[in-house]
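I am opening my notebook on a structure that is new to me. Come along while I look up a few things, one entry at a time.

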Amino acid sequence: GQVYSLLGRRALFEVLTEVKGDDFYLTSRAGWTGMHQYAGALIGDMEGTFEGMRLALSAMQSFALSGQGVAAHNLGGYAGRQENSVFRRWVQWGVFSPLFAMWNSGGTGEPWSFDEETLADYRTSAKLRMRLLPYLHSCIWQYGQTSAPMIRPMALLFPQETELAARTDQFMCGSEILVCPIFNQEGTAN
């Protein structure tokens, strides 16, 4: 079953390469070993909760450790009605993710479906994302050159430092930015 998705991405990649050269990007919802050669990945349909956000971060780090260095999560989660605080924190984390992607299971989850304060926070995060694009682009370029993923789990960078390697609630964005997403309404890190 999953090999089919890999072969399908490879076929599409080959056609696009023939037609567009290297001026395209593919994202896939399904894949198999080796998919990183052809497409980025969407991690799945996580619930729009802080727990869903934790699961998404775990999946992103697992992808990075498995060689899939470009992956996306749904800003705010995919399933269910997101609370303002969850959406805000998820978008803030998304600023430092390979893709800043927004889609969900219904009419919730778009910035304009929340209150004005949440919309203002979204605008602030989106502006920061735009300012970081040159850095983020260099991280993606480096992935293509060295296979070093943009999201770098602590275990990848510090395997000999047991306490630091166990910090699954944070990661390096490229080689320069430490990111520690917030998973609660209080705004505190663990």
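**Entries on a predicted model**

I began with Val3, which counts as partly exposed because its relative accessibility is 40%. I then looked up where Val3 belongs, and its place is in helix H1.

Next I checked the length of helix H1, which runs over residues 2–20. At 1.5 Å a residue, its 19 residues should span 27 Å, and I found the end C-alpha atoms 26 Å apart, so the two values agree. I also looked at what comes just after H1: Gly21 takes a positive phi of about 70° there.

How many disulfides does the structure hold? I counted zero. Cys139 is in no disulfide, and its nearest cysteine sulfur belongs to Cys173, 4.9 Å away. The cut-off for a disulfide is 2.5 Å between the sulfur atoms, so a pair has to be within that distance to count.

Cys180 is in no disulfide either; for Cys180 the nearest cysteine sulfur is that of Cys173, at 14 Å.

Is Cys139 buried or exposed? I noted a relative accessible area of 2%, so Cys139 is buried. Cys180 has a relative accessible area of 29%, so I wrote it down as partly exposed.

Note on methods:
Residues are numbered from 1 along each chain as its sequence is written. This is a predicted model: local features need pLDDT of at least 70, side-chain atom pairs count only at pLDDT 80 or more; totals for chains, interfaces and linings use all residues. Side-chain values use heavy atoms; hydrogens and water are left out. Buried means under 20% relative accessible area, exposed over 50%, partly exposed in between (1.4 Å probe, protein chains only). Helices (H or I, at least four residues) and strands (E, at least two) are DSSP runs, numbered from the N terminus. The expected span of a helix is 1.5 Å times one less than its number of residues.
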